[in-house]
Amino acid sequence: MCKSALCLVCVSLLLGPSLSCYQCFVEVQDSLRLCWGHILSEHNVRNVDSCFRKLDRIFNNHERVIEAGRVGKGYDKQLKELLDGEILPMVGEFDKKRNNDTVYEERLQTAADNFIAAASKLPRVSGCLPPCGFQSAGAVYNCITCQYDSCELPLDCPVKEVTAMENSRSQMWCEVPFHLPGNIEVIWRFAEEVKTQQVDQFKEVTAGLDTLYSIPSSSLQHVGTYQCEIYSVQRSIVRLYFYLTVTPQVVAGHTELQEIFDLSLLPGGRFLPAPAGPPHSLTTSPLLLTTCLTALLLLLFLSMG
């Protein structure tokens, strides 16, 4: 325990705003034992403050030390083991013994270099996959904050456009390019008629484990935005959005007939030429003529309706 104002100053230096891998993993008491016998060779006096400033310079403000500590998820334990392996033997050797500042400088710098070399070989982060979602597997350890940084991507994904013919099947998949936990829950919600990402406009339609939302026979009442939200242990991981538009069959049929009728009005009653041949005359193809006349009658019937 600290019994003097000097020790309190030392502790405040260790717990200051500037953190590093050293301060994340080495106990304060071990640092006090390490620096107890630090001697300023120029004046031949013991100066613990100078030792802590040396630790701060060699470890806390060393960019290579911080970069070496940017390991993937779960490897912070190995960082502590590596640093303890360098520092704790020195603590036992230097405890209650006096050593010149030049000895401290050499030994601490060697310890930092060894830590950089070993920590740099640990697995790096797998990376964050844009554009959205909470991705814990993509986080890196931050020796400045002593915790893992998140990918800092938005929870909401961009809206995807989905189109379907009336009376046909529509399918939407709640899939992401990054790894999901094993204990997920999937909730599907629907905002009728609108294209939106406003959470308060959605109503829940189903909940469970199914990442597929299927509509067997699409109709105009299914037009709107579908939201898929994936949870894990009651924590939201990602929200995907799908805007579904449904084309009525009458409109689709009318468009196809209009195209056939437009072709029948080409000069001389001729269809557009095929890629490797001359244009075909309607007079030489009774079947084509019948098709065009049928299309014309249907168009007249639809326009009257």
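Which strand pairs with β7 in the antiparallel sense, and over how many bridges?

**Whole chain.** You are looking at a predicted model. Start with everything selected: the chain has 305 residues, of which 39% count as buried. Its secondary structure comes to nine helices and 12 strands. Among contacts with a separation of 6 or more, 65% are between residues 24 or more positions apart.

**β7 and β10.** Now select residues 170-173, which form strand β7, together with residues 212-215, strand β10. Here is the reply to the opening question: β7 pairs with β10, antiparallel, over four bridges. Show Met-172 and you will find Tyr-213 of β10 standing opposite. Ser-170 and Met-172 make up its covered face, while Gln-171 and Trp-173 belong to the uncovered one. In a regular strand, side chains alternate between the two faces of the sheet.

**The five-stranded sheet.** Move on to the open sheet, whose strands run in the order β6-β12-β11-β8-β9 with mixed pairing. Pick out 156-165 (β6) and 203-208 (β9): these strands stand at the edges, each with a single partner, so one side of each lacks a neighbour in the sheet. From one strand to the next, the twist averages 20°.

Within this sheet, zoom in on residues 224-232 (β11) and 235-247 (β12), which run antiparallel and are joined by nine bridges.

**Helix α7.** Select residues 101-119 next. At 1.5 Å a residue, the 19 residues of α7 should span 27 Å, and the end C-alpha atoms are 26 Å apart, which agrees. Colour the buried residues of the helix: Asp-101, Tyr-104, Leu-108, Ala-111, Ala-112, Phe-115, Ile-116 and Ala-119. These residues cover an arc of only 135° around the axis, so they lie on the same side of α7.

**Colour by confidence.** Finally, switch to pLDDT colouring. The chain averages 83, and 76% of the residues score at least 70. Select residues 1-18, where pLDDT stays under 50; the model has 27 contacts beyond four places in sequence for this stretch. Residues 279-284 are also below 50, with 14 contacts in the model beyond near neighbours in sequence. Where pLDDT is low, the predicted coordinates should not be read in detail.

Technical notes
Residues numbered from 1 in each chain as written. Predicted model: local features only at pLDDT ≥ 70, side-chain atom pairs only at ≥ 80, totals over all residues. Heavy atoms only, no water. Helix = DSSP H or I, 4+ residues; strand = E, 2+ residues; numbered from the N terminus. Expected span 1.5 Å × (residues − 1). Buried < 20%, exposed > 50% of the residue type's maximum accessible area, 1.4 Å probe, protein only. Arc of directions from axis to C-beta. Pairing = 2+ DSSP bridges. Axes fitted to C-alpha atoms, helices over the stretch in contact; angles between N-to-C directions. pLDDT = per-residue confidence, 0-100. Contact = heavy atoms within 4.5 Å.
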